[in-house]
Amino acid sequence: MTSSSPAGRTALDNVRVFDGRTLSEPTTIVIDGPVLGTDDTGAQRIDAAGAFLLPGFIDAHVHINDAESPGRFTPFGVTTALDMASDPDVVASLRNTLGTTDIRSAGMAIVGPEGMHSTFLPEPAVIRTLDQAEPMVAQRHSTGSDYIKLVLEAPGEGGPDPAAAKAVVAEARARDLLVIAHAASVGAYELAIDLGVDFITHVPVGYPLPQHDIDRIAAESRVVVPTLTMMEGMAAARGVPQAFDAALANVTALHAAGVPILAGTDSNASPGVPVNPPFGESLHYELELLVRAGLSPLEALNAATALPARHFNLTDRGAITPGLRADLVLLEANPLDDITATRRIRQVWSAGIPVPH
């Protein structure tokens with residue numbers, strides 16, 4: 001495929017555009033520098049021959065290891081990745097990038113003193129007393145965290161004291177920061193609901209969520225990022241792969257209740273973590289698992305495009321609309337017919353720059 005220069009104007013002719021509801025008839029989309037435009041004057045033209053154009057995918061749960069990590073996502077069409085705990089110095093230069101995957105980050109997570117995460121995170125991540133909440137959230141805010149990541153455990157399993165966790169949520173609210181709660185057990189889910197966090201990430205494996213908790217999540221407009229790819233891997237690592245059936249059933253029930261479900265993989269390359277979903281590629285498997293859990297292909301696509309953009313306040317992406325970032329994925333086949341078609345990538349653009357594929 002002929003590519004455009006980063007500063008130039010490109011017109012994609014005869015392309016069928018996904019608008020969050022359906023696919024258009026063949027039309028023309030203009031890439032005008034880093035954004036989508038309307039004026040094709042002087043544009044370099046590409047005949048897409050009826051191929052399918054989607055917004056760049058957003059992975060709503062990753063872990064960035066180094067400055068090279070973003071480039072591993074981009075060839076797979078993941079043009080935005082939401083990091084859920086990394087060294088803030090690593091991610092500081094990775095926001096608002098052009099030509100590779102754009103990163104948002106929680107910076108350093110906040111964890112309890114005895115939970116699993118405290119064994120491999122540094123002491124500044126550990127909250128031991130209520131009065132640490134304000135300076136910990138303030139420190140993350142001052143170093144550029146886009147949201148706060150709070151790692152919860154079931155009562156008695158070493159997570160933050162509930163009063164301290166509640167104070168973290170309050171301090172984040174005071175700074176207009178969203179709060180994402182790690183919750184991989186039924187007890188942790190209940191605590192997350194009680195705390196009033198914005199997002200719950202992961203989903204219990206092996207145990208059903210009580211319907212009254214699911215109803216509360218829906219009624220209180222919480223959002224869930226189930227990371228089914230990771231949960232399947234964890235079930236296998238524990239030697240109980242059949243336990244993953246409960247994780248799928250939990251997502252089915254959450255979706256049926258009207259809870260917004262976002263696509264996130266927990267992709268990482270962290271030593272000592274038992275499951276390392278690969279950057280970029282695993283997002284496609286996550287979409288397939290979401291469809292297995294009961295989402296339609298249409299809903300799965302929105303879970304990786306419009307919905308994470310909306311709920312994480314990424315107002316400049318997530319749709320193919322003039323003025324938004326030209327983050328685009330061109331597919332050979334129709335993903336509304338078969339979600340595995342997202343793997344059949346012809347071309348990716350990140351902020352208007354074609355990505356080698």
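**Notes on the model**

1. The side chain of S267 comes within 3.3 Å of the backbone oxygen of P278. This is a polar contact, that is, a pair of N or O atoms within 3.5 Å; within protein, one must be able to donate a hydrogen and the other to accept it, and residues adjacent in sequence count only if both atoms are side-chain atoms. A further polar contact, at 2.9 Å, joins the side chain of S267 to the side chain of S282.

2. On the basis of the values: this is a predicted model, in which local features need pLDDT of at least 70 and side-chain atom pairs count only at pLDDT 80 or more, while totals for chains, interfaces and linings use all residues. Residues are numbered from 1 along each chain as its sequence is written, and side-chain values use heavy atoms, with hydrogens and water left out.

3. Where does S267 lie? S267 belongs to the loop between α8 (244-256) and α9 (281-292); helices (H or I, at least four residues) and strands (E, at least two) are DSSP runs, numbered from the N terminus. S267 counts as buried because its relative accessibility is 0%, where buried means under 20% relative accessible area, exposed over 50% and partly exposed in between (1.4 Å probe, protein chains only). Neighbours within four places in sequence aside, the contacts of S267 (heavy atoms within 4.5 Å) include D59, H61, V62, H63 and F73. P277, P278, F279 and S282 are also among them.

4. Strand β6 (residues 57-62) is largely enclosed by the rest of the structure, because six of its six residues are buried. Strand β6 pairs with strand β7 (residues 78-83) in the parallel sense over four bridges; two strands pair if DSSP finds at least two bridges between them. In this pairing I58 stands opposite T80 of β7.

5. How many salt bridges does the model contain? The count is 21, a salt bridge being a side-chain nitrogen of Lys or Arg within 4 Å of a carboxyl oxygen of Asp or Glu. One of them joins D32 to R9, with the closest N and O atoms 3.3 Å apart. D32 is in strand β2 (residues 27-32) and R9 in strand β1 (residues 9-17), so this pair ties together parts that are 23 residues apart in sequence. D32 is partly exposed at 27% relative accessibility, and R9 is partly exposed at 25%.

6. D194 and R216 form a salt bridge through their side chains (2.8 Å, N to O). The pair links distant parts of the chain, with D194 in helix α5 (residues 186-195) and R216 in helix α6 (residues 211-219), 22 residues apart. Both ends are partly exposed: D194 at 48% relative accessibility and R216 at 28%. Elsewhere, salt bridges that share partners join D102, R104, D316, R317, R325 and D327 into one network.

7. A235 is part of helix α7 (residues 228-237) and counts as buried because its relative accessibility is 0%. Residues up to four places away in sequence aside, A235 touches V205, V240, P241 and F244.
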